[in-house]
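Please find below a note on the two-chain model under review. The points are numbered so that each may be taken up separately.

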Amino acid sequence: MEYFVLFRRTNQIKEELRQVKRRHYTIAIREWKKKKFKNIHCLSVLIFLCLNSQGVRKSYREVIDVSWGDPHRAGVKPLSFVRQVLAACLYPQLMDGDKLMVDVKQRAQRLLKTCAGGSVGSYSDAAGIPQIIQSVSEYILRRDGGIPCHPENIYITPGSQWALTVTNILKVLVNSEASPRTGVLIPVPCHSTTIVSLTALGAVAVPYYLSEERGWALEVETLQQALDSAKGVCNPVALYIINPGNPAGYVQSRKCIQEVIHFAAEKKLFLLADEVYQDCVYGKESEFVSYKRALAEIGAPLSDTVELASFHTASKGLMGECGLRTGYVELVNLDPAVMKYINNLFSTNSCPVLGQVALDVMVNPPQPGDPSYPLYLKVRHFLFTITTGDANSLIINSFPSFSCQSLEGGAFAFPRVFLPPKAIEKAKAGLQPDTFYCMRLLEEAGVLFSPGTEYGQMEGTYHISFCIMTPTDTMEEILKRLSTFHKQFMREFILFASATERETK
Amino acid sequence: MSQQAVNGVSCRGKVLTVENMNPNVKRVEYAVRGPIVQRAVQIEKELREGVKKPFTEVIKANIGDAQAMGQRPITFFRQVLVLCSYPELLEDNKFPEDAKKRARRILDACGGHSIGAYSASQGIECIRQDVARYIERRDGGIPSNPDNIYLSTGASDAIVTILKLLVCGEGRDRTGVMISIPQYPLYSAALADLAAVQINYYLDEDNCWSLNVAELKRALNEAKQHCKPRVLCIINPGNPTGQVQSRQCIEDVIQFAKEEHLFLMADEVYQDNVYAEGCKFHSFKKVLFEMGPEYSSTVEMASFHSTSKCYMGECGFRGGYMEVINMDPEVKAQLTKLVSVRLCPPVPGQALLDLVVNPPQPDEPSYTLFTKERTAVLATLAEKARLTEEIFNEVPGITCNPVQGAMYTFPRITLPQKAIDKAKAEGKVPDMFYCMKLLEEEGICLVPGSGFGQKDGTFHFRMTILPPTEKLKVVLQKIRDFHLRFTNEFS
């Protein structure tokens, strides 16, 4: 995977920059000790000369890595309330005294009681801590306007990708011994882990293309085209949807979702709804509607028969706690006999307890009247303002040769880059053109984006992806560096083109 | 959803049915959390609802979960973890400097200085380096390369990942994996899931569950007729049997693996849990390298460790690692790709692992308390191991091998023929019948030996030695009384 090439180079550059910083620091201390300088100006000149003589010449001091949907990595601070609850659970002695607010203590005490031996160090039940599952089911009930949610259909897992692929649903769906092989419809673009998992399980990924010009809309015709392309190749059994999108920043409309459900019902497809960005919706006209809710609103008989698995996680949204590795899956309308086997599959598993604590906070945040509520509200407001997707897409669209669809939700921008032919030619020698662009961006501007190649795109188009859940000043810095780099890059490959053309004439 | 859907009555036209689902999944069973535990959970619910029983609580001696049974966590570890989770506490002078130093180092290695950021799929680099250094110290200086270390979500994750990599082929060429009987049922579950061929080699109960190469050879030769044996799994110290392999035995196993061209999987998660006089933990890697370059440069191996056992007992953190030795570089590249699918192991578990391999040193403030706590935990376990063996061996009809290590006892029980017949009449395996009855009458949850594998015609159960000493004594007495009653009832 080309991403590894970028990733390795990023680490190399980060290490080089760290060395520079260390040398900088060492020189400064040494010279300061000698007290040979009349003033700070002489010292800084010396340092500058030293650094440049080492041959390390970067126009930036730090690499900004926004290739992952990882808010903390991008500089967003964790939510205080959840971290305080985690701290109290880890080290209950903290609850003696007044350091922690009452609601933090109450939450920690309640959660510790749900742990065997009163410790977050013991195994939880295989499906997850029952009381937390109950909290999750109540959250889903509220979210979906009162549509019943049954705790026995919920499994807490070490991350949503784990639920989807490693332990659970795809594994049950995919019969690697079947002939023809099991197929799963996946969107283009789609995050790469799903594609790798499918192939590892022996399934076939059947792409359906989202319509970029129409804001990455999902049109049922493309689903049919995908099914047609699968004839004779594999047996499609499932339809994988990402809503809100990743990497493309769309939020599906209720109408669209219902059309997809009707299609799935008609073509006998199992619906896999990856809804991990459901709390990241900021488009003015956009509203998150869960597949489960849309299904229920369609009514019988579909609402009783269409099989659905929907996935959520503590890694995104306000929490951004990717490193804790916790998510859940809700299974709807599955055959009870199959559920028994799924139960068995899960029994070998155990989800990290700290992550489950974070999940409890996510589905049950501080409420008005709680002592921690004011701070929670403040942070929540701040986090929503930083993902002013629309503002970002406007800026990106102002760059020449960039085209970015309106950002309605999710954590990424996925603009299209119209690369000059000479750049494409130069790249094809070693890398995909968009990877080439990202590599140059990394080297020259110290910004790490992800190339569209990683996610799939229409033949002949190129995209880049970057996380927009970053603090405002980081985002400004990124756009500034991108703007400077992009102008230089375009000049190089358009001028270069014209120069060589003049020479050859 | 309608009530019909909730009750699952309307099952017509399902996309996913028992007939068309992945057939391998149907074969997956995991006795440690199987039907007996489900019944135990139900009984607990009934007790909470006020149903009268001959006991007031269910003692879950089925799962190796030390803290669930009251073992306290190591203070130092929790201090560093809380500092990592809530770095504001770094200003609090109630926490010792050595804890703060380690927390800062871990946070520096995390994206955005937060344990909430994804780490690299293989695990945080400086932690892998620390693990490599720990292994070098443990193994008397034999080098360990951090690039061969993969952090994982508990050892189970790493074990299943390696098996995924190793299983291939069709029909008679399908990979065969040798596993001890009795075994820890994660292995049999994973093998069923992957449709690998399970090759059973029997441990010798009459000789303290020792491993014989002759038995390995027998199992292998028989298996060669219907599959392609490629892997040999060994759990040392053993689970459920608790035997600690002698150095000679380990050398013999390595020799065997080399001759038969087998990939060795050494599950060493109980490496600090060694109690019996004369027993010592020898790491497979150390022995391999001490056997000389002819072995150390050729035998392919993976060894596994975890933060869930030993003296830490931090099962809920899901921390662990594996070290791969002599793996083909191209295969290793595939392994690296495979682990990237689950993104990364939980960061708190990685942080915890860093502390396990980097505990307080003699010149550090937390050293005294740490050592005291660690010693106390291991000493208590050793005492409970001894006590268990002693009490069980006093019961006619129960024979218990010494618990040399790990956390379990796997005694053999003699069941009267009438009981065996009654069990069969009820459609139950005899030791499951026995354990269910024990659960209903005494509220003690054990796992029947059939869940781990045993010689035909023999019956066992696995019990953890983890309940607090006083409670353990009561449990042992109750089992003794139950066994005598049971034998009487069915004589």
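1. Conventions. This is a predicted model, in which local features need pLDDT of at least 70 and side-chain atom pairs count only at pLDDT 80 or more, while totals for chains, interfaces and linings use all residues. Residues are numbered from 1 along each chain as its sequence is written, chains are lettered from A and ligands numbered from 1 in the order in which they are written, and side-chain values use heavy atoms, with hydrogens and water left out.

2. Domains of chain A. The assignment (bounds come from an automatic or database domain assignment) divides chain A into domain 1 (1-36), domain 2 (41-66 + 386-496) and domain 3 (125-363). The C-alpha centres of domain 1 and domain 3 of chain A are separated by 43 Å.

3. Domains of chain B. Here the assignment gives domain 1 (23-70 + 371-489), domain 2 (79-116) and domain 3 (118-357). Between domain 1 and domain 2 of chain B, the C-alpha centres lie 41 Å apart.

4. An unreviewed UniProt entry carries the annotation "domain: Aminotransferase class I/classII large" for residues 80-479 of chain B; UniProt positions are given in the numbering used here, feature names are shortened, and annotations may be inferred rather than shown by experiment. Over residues 80-479 the chain is 42% helix and 14% strand, with the end C-alpha atoms 41 Å apart. Helices (H or I, at least four residues) and strands (E, at least two) are DSSP runs, numbered from the N terminus.

5. Helix contact between chains. Helix H3 (residues 80-90) of chain A and helix H4 (residues 75-85) of chain B have axes that come within 9 Å and cross at roughly 175°. Axes are lines fitted to C-alpha atoms, for helices over the stretch in contact, and angles run from 0 to 180 degrees between N-to-C directions. H3(A) and H4(B) are therefore roughly antiparallel to each other (the term applies to angles over 145 degrees). On H3(A) the contact (heavy atoms within 4.5 Å) involves A:Arg83, A:Ala87, A:Cys89 and A:Leu90, and on H4(B) it involves B:Arg78, B:Leu81, B:Val82, B:Cys84 and B:Ser85. These contact residues divide into six nonpolar, one polar and two charged (Ala, Val, Leu, Ile, Met, Phe, Trp, Tyr, Cys and Pro count as nonpolar, Asp, Glu, Lys and Arg as charged, and the others, Gly among them, as polar).

6. Seven-stranded sheet of chain B. Seven strands form an open sheet of mixed pairing, ordered S2-S8-S7-S6-S5-S3-S4; two strands pair if DSSP finds at least two bridges between them. Its edge strands are S2 (149-153) and S4 (197-202), and the twist averages 25° from one strand to the next. Strands S7 (residues 301-306) and S8 (residues 319-325) of chain B pair in the antiparallel sense over six bridges, and B:His305 has B:Tyr321 of S8(B) as its bridge partner. Helix H13 (residues 329-340) of chain B packs on the sheet, where H13 touches S2 and S8 and its direction makes about 25° with that of S2(B).

7. Backbone geometry. Most residues other than glycine have a negative phi, and most peptide bonds are trans. The bond from A:Asn246 to A:Pro247 is cis, with omega near 5°, and A:Pro247 lies in the loop between strand S5 (235-242) and helix H10 (254-267) of chain A. In chain B, the bond from B:Asn239 to B:Pro240 is cis, with omega near 10°. A:Trp216 has a positive phi, near 65°, and is found in the loop between strand S4 (204-209) and helix H9 (220-230) of chain A.

Terms used:
Parallel < 35°, antiparallel > 145°, perpendicular 65-115°, else oblique.
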